[in-house]
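Here is a note to read with the model open beside you. Take the points in order and find each residue as you go.

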Amino acid sequence: MPDNAVLRLRQQRLALSTRPFNARGSRTLRCQTCLLPVRNCICDSIQPQQATSRFCLVMFDTEPLKPSNTGRLIADILPDTQAFLWSRTEVDPNLIDTINDPARQPYVVFPESYAEPGRQVFNQIPNGSKPPLFIMLDGTWSEASKMFRKSPYLNHFPLFSLNVDTVSRYQLREASRAEQHCTAEVAAALLQQVGDRSASLQLTQHFHLFREKYLAGKPHRPVEAVTAEQQ
């Protein structure tokens, strides 16, 4: 059975809950690893990869519990991925240790339009730099914006602003802006840009399969409709 940092974080978050978390489709019998309906489980298809890049997911509150979350897909493919719950007032010391790893160059992945004057912004990895640690703020757009504004321990790290030209195929939640992409799509584009191409390809394939099975599991979205969309 797959095991990764996001799944462990999910168990940690469940232990903190005072009442059951009921996401959409909560009555569906789900695999407790991929969180898809049991009949659509994709756990056996996961093919972990090696990459020079690493990811640190900072996840907003109930994000690890949501079946629609795609940060978990990154951790499926890249076992070195780290994941932490965000807190404005109580920062996990293990998160601080992770983002201050002297062997890596941390980048906060966020649009450069949000950078305050004087903050370094990169659109590609500089030649000769340390292997990247991409810090991704995982939540809805409003939640990610809040984490960006209220995490002073991230302020001294440069931003990495990525221009993803393709239209998002996520469609599992409503985006507030058309150009927004889900966490897994951004991660796959980052991997492609820095040369971790096999990991990028595998993550993209994993995301597409997850999306297909997720939509097929919705009562109002038969498999035939999902297949027709992708032709």
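1. Start with cysteine 56. Its relative accessible area is 0%, so it counts as buried (under 20% relative accessible area; exposed is over 50%, partly exposed in between; 1.4 Å probe, protein chains only). Across from cysteine 56 stands isoleucine 135 in S5. Strands (E, at least two residues) and helices (H or I, at least four residues) are DSSP runs, numbered from the N terminus.

2. A word on the source. This is a predicted model, where local features need pLDDT of at least 70 and side-chain atom pairs count only at pLDDT 80 or more, while totals for chains, interfaces and linings use all residues. Residues are numbered from 1 along each chain as its sequence is written, and side-chain values use heavy atoms, with hydrogens and water left out.

3. Now look at strand S1, residues 54-59. Is S1 mostly covered or mostly open? It is mostly covered, with five of its six residues buried. As a general rule, side chains in a regular strand alternate between the two faces of the sheet.

4. Which strands does S1 join? Six bridges link S1 to strand S5 (residues 132-138), and the two run parallel. Methionine 59 stands opposite aspartate 138 in S5. Four bridges link S1 to strand S2 (residues 82-85), also running parallel. There, valine 58 stands opposite phenylalanine 84 in S2. From S1 the chain crosses through helix H2 (residues 71-77) to S2, and this β-α-β crossover is right-handed. Right-handed means that, with the strands pointing away from the viewer, the path from the first strand over the helix to the second runs clockwise.

5. Step back to the sheet. What is the order of its six strands? The order is S2-S1-S5-S3-S6-S4, in an open sheet with parallel pairing. The edge strands are S2 and strand S4 (121-122), each pairing on one side only. Two strands pair if DSSP finds at least two bridges between them.

6. Turn to the largest nonpolar core. Such a core is a set of buried Ala, Val, Leu, Ile, Met, Phe, Trp, Tyr and Cys residues joined through side-chain atoms within 4.5 Å. Of its 38 residues, Phe55, Ile74, Met136, Leu190 and Leu203 touch the most other members. Helix H1 (5-16), S1, H2, S2, S3, S5, H5 and H6 each supply at least two residues of this core. H5 gives the most, with six residues. Apart from this core lies another, of 19 residues, among them Leu95, Met147, Phe148 and Phe157.

7. Check phenylalanine 55 by eye. Its contacts (heavy atoms within 4.5 Å) include Ile74, Leu133, Met136, Ala187 and Leu190, not counting residues up to four places away in sequence.

8. Helix H5 (residues 183-194) has 12 residues. Its first and last C-alpha are 17 Å apart, close to the 16 Å expected at 1.5 Å a residue. The expected span is 1.5 Å times one less than the number of residues. The buried residues of H5 include Val186, Ala187, Leu190 and Leu191. They pack against S1, H2, strand S3 (105-109), S5, strand S6 (159-160) and helix H6 (197-216). Just after H5, glycine 195 takes a positive phi of about 100°.

9. Glutamine 202 is found in H6. Buried or exposed? At 11% relative accessibility, glutamine 202 counts as buried. It is in contact with Gln47, Gln49 and Ile77, leaving aside neighbours within four places in sequence.

10. Two loop residues deserve a look. Leucine 35 lies in the loop between H1 and S1. Its phi is near 65°, a positive value in a residue other than glycine. At 2% relative accessibility, leucine 35 counts as buried. Aspartate 61 lies in the loop between S1 and H2. Its phi is near 40°, again positive in a residue other than glycine. At 37% relative accessibility, aspartate 61 counts as partly exposed.

11. How many does a search of the whole structure find? It finds zero. A disulfide is a pair of cysteine sulfur atoms within 2.5 Å. Cysteine 34 is in none, as the nearest cysteine sulfur, that of cysteine 31, is 3.8 Å away. Cysteine 34 counts as buried, at 4% relative accessibility.
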